Amino acid sequence: MNATRSVKGYNMMTARSDVLVIGGGPVGLCCAYYLLRSGRKVTLLDAQEIGKGSGAGNAGHIVPSHIIPLAAPGVVTSALKWMLDPAHSPFGMKVSLNPTYLAWLLKFVLSCNEANVQRGIKPLHDIGQLSAKNFAQLIAEEHFDCSYQEKGLLFLYKTEEAFKSGKHEGEFMQKHGIPVHVYGKSRIHEIEPAALDDVIGGVHFTGDSHLNPAVFLKLMSDRVRALGAEMFENTPVTGFESAGGRVRVVKTASAEFEAEHVILAAGAFTPSVAHDLKLHIPIQPARGYSMTMSATEQMPSHALILGERRVAVSPMGGALRFTGRLEVGNSSLTPNPVWIRRIENAAREYLRLDEKLDVKETWAGLRPTTPDGMPIIGRSPCHSNAILATGHAMLGLSLGPGTGQVAAELVNGQTTAFDLGPFSLNRF
């Protein structure tokens, strides 16, 4: 019984498993993978198709260089400034008087300070380095062909002000062990020939890498299935039964599941999925966009961030992807064509592109965002057999293998690879 399936059509049944993972995105699949490799039996549920949710359409960047939390000094000021330029702003937010949303916004604003950055640097460094190492090992051992390249992440700049800021950030990262190279105008055009002539410099985080996320997730799904997981697609969780400080039953429309351990890895949907557990999980969806096209005549040779526009560029073998925008509080999965065009226009400001792009796919996905910009990883404060693995914002793919390893270590009663205290739900 290890085929991927939906439970529709089955009579109401009770299925028993060792570990039940809720969520079939990058984090859920990585949790399942490391649990299976450790000898556990795993059941995986997803409300939609496994491996084809928001994680499949992202930039595919693996970024151990990202050690600064999303909530940092200057973010609120920058966001307000960007919103005064709506045609180019990489940031947006839903207008709503919903108390939960307003409480999240207030916590986010209050977290945008230096103390939050200092708290976040070491834990983000630890999980980022572990994930990058696990990616390289996993892809090599499993022989995954997913356009994986260890060529770093290159930021391009067109203005002296932005370039100066990028160099300052690079110097900060270097002090914390992140490998960084800074390139002036002549060198940047040798490194990245696809850059237009008015690009004046770049900052290269050489320890980063990238891949095609949709292909990686498909390969992970196939491998998890081959390792013996029972996988149920189109099977949304409708509720839980708890008793004695444990999750006893996980309910779906067509079946009930009992498990020794439950892992909540449902991304932006985790708060609604976990409603019956009476946990306060402060996550807001943050919508992003991507467009994917056939390879262009002058393909970028690196994964890029277009500095002033905050657009990610990802060469993926025979395809090229642009990713951008962060819309807090927006849960729609319908791509806004206006923003797809603006992301393309932003890319044209920096790169040599074909006059007409052969666009294959446009996408909108949701990033599960916490008010302090840090993931939530660790045991439920109310349930001894439940583990939270969510809230990774834009880094769900990047931090998936590290999260999967420590989740498996928790289930197995082992000492985790790094201290999970900073990621605990109790910090809220």
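Which residues are buried in α1? In this helix, Pro26, Val27, Gly28, Leu29, Cys30, Cys31, Ala32, Tyr33, Tyr34, Leu35 and Leu36 are buried, where buried denotes a relative accessible area under 20%, exposed one over 50%, and partly exposed a value in between (1.4 Å probe, protein chains only). The structure is a predicted model, in which local features need pLDDT of at least 70 and side-chain atom pairs count only at pLDDT 80 or more, whereas totals for chains, interfaces and linings use all residues. Residues are numbered from 1 along each chain as its sequence is written, and side-chain values use heavy atoms, with hydrogens and water left out.

The chain comprises ten helices and 20 strands; helices (H or I, at least four residues) and strands (E, at least two) are DSSP runs numbered from the N terminus. The radius of gyration is 21 Å, close to the 22 Å given by the globule rule for 428 residues, so the chain is as compact as a globular protein of that length. The radius is taken over C-alpha atoms, and the globule rule is 2.2 Å times the number of residues to the power 0.38. Along the principal axes, the C-alpha atoms of the chain fill a box of roughly 65 × 45 × 40 Å.

Of the 428 residues in the chain, 55% are buried. Among contacts with a separation of 6 or more, 78% are between residues 24 or more positions apart, a contact being defined by heavy atoms within 4.5 Å. The accessible surface amounts to about 17700 Å², and carbon and sulfur atoms contribute 53% of this area. Accessible areas come from the Shrake-Rupley method with a 1.4 Å probe; for residues, only the protein chains shown count as cover. The chain carries 41 positive and 39 negative side chains, and the centres of these two sets are 4 Å apart. In this count Lys and Arg are positive and Asp and Glu negative, with His and the chain ends not counted; the place of a charge is NZ of Lys, CZ of Arg, CG of Asp or CD of Glu.

Helix α1 covers residues 26-37 and is mostly covered, with eleven of its twelve residues buried. Just after α1, Gly39 adopts a positive phi of about 100 degrees.

Most residues other than glycine have a negative phi. Lys278 lies in the loop between α8 (270-273) and β14 (284-294) and is exposed, with a relative accessible area of 66%. Arg325, also not a glycine, has a positive phi of about 80 degrees. Arg325 belongs to strand β17 (residues 319-328) and is buried, with a relative accessible area of 14%.

Phe428 is placed in the segment after α10 (400-411) and is partly exposed at 31% relative accessibility. The C-alpha atoms of Phe428 and Ile281 are separated by 8.5 Å, although these residues are 147 residues apart along the chain. Apart from neighbours within four places in sequence, Phe428 contacts Pro282, Thr370, Pro371, Asp372 and Ile376.

Thr296 occupies the loop between β14 and β15 (303-306) and is buried, with a relative accessible area of 6%. Thr296 and Arg352 are 56 residues apart along the chain, and their C-alpha atoms are separated by 9.0 Å. With neighbours within four places in sequence left aside, the contacts of Thr296 are Leu320, Leu353, Asp354 and Leu357.

Ala115 is located in helix α4 (residues 114-142) and is partly exposed, at 42% relative accessibility. Ala115 and Pro73 are 42 residues apart in sequence, with a C-alpha to C-alpha distance of 9.3 Å. Ile188, in helix α6 (residues 185-191), is buried, with a relative accessible area of 0%. Ile188 and Gly60 are 128 residues apart in sequence, and 23 Å separates their C-alpha atoms. Neighbours within four places in sequence aside, Ile188 is in contact with Leu154, Leu156, Tyr183, Val199, Gly201 and Gly202.

Technical notes: The expected span of a helix is 1.5 Å times one less than its number of residues.
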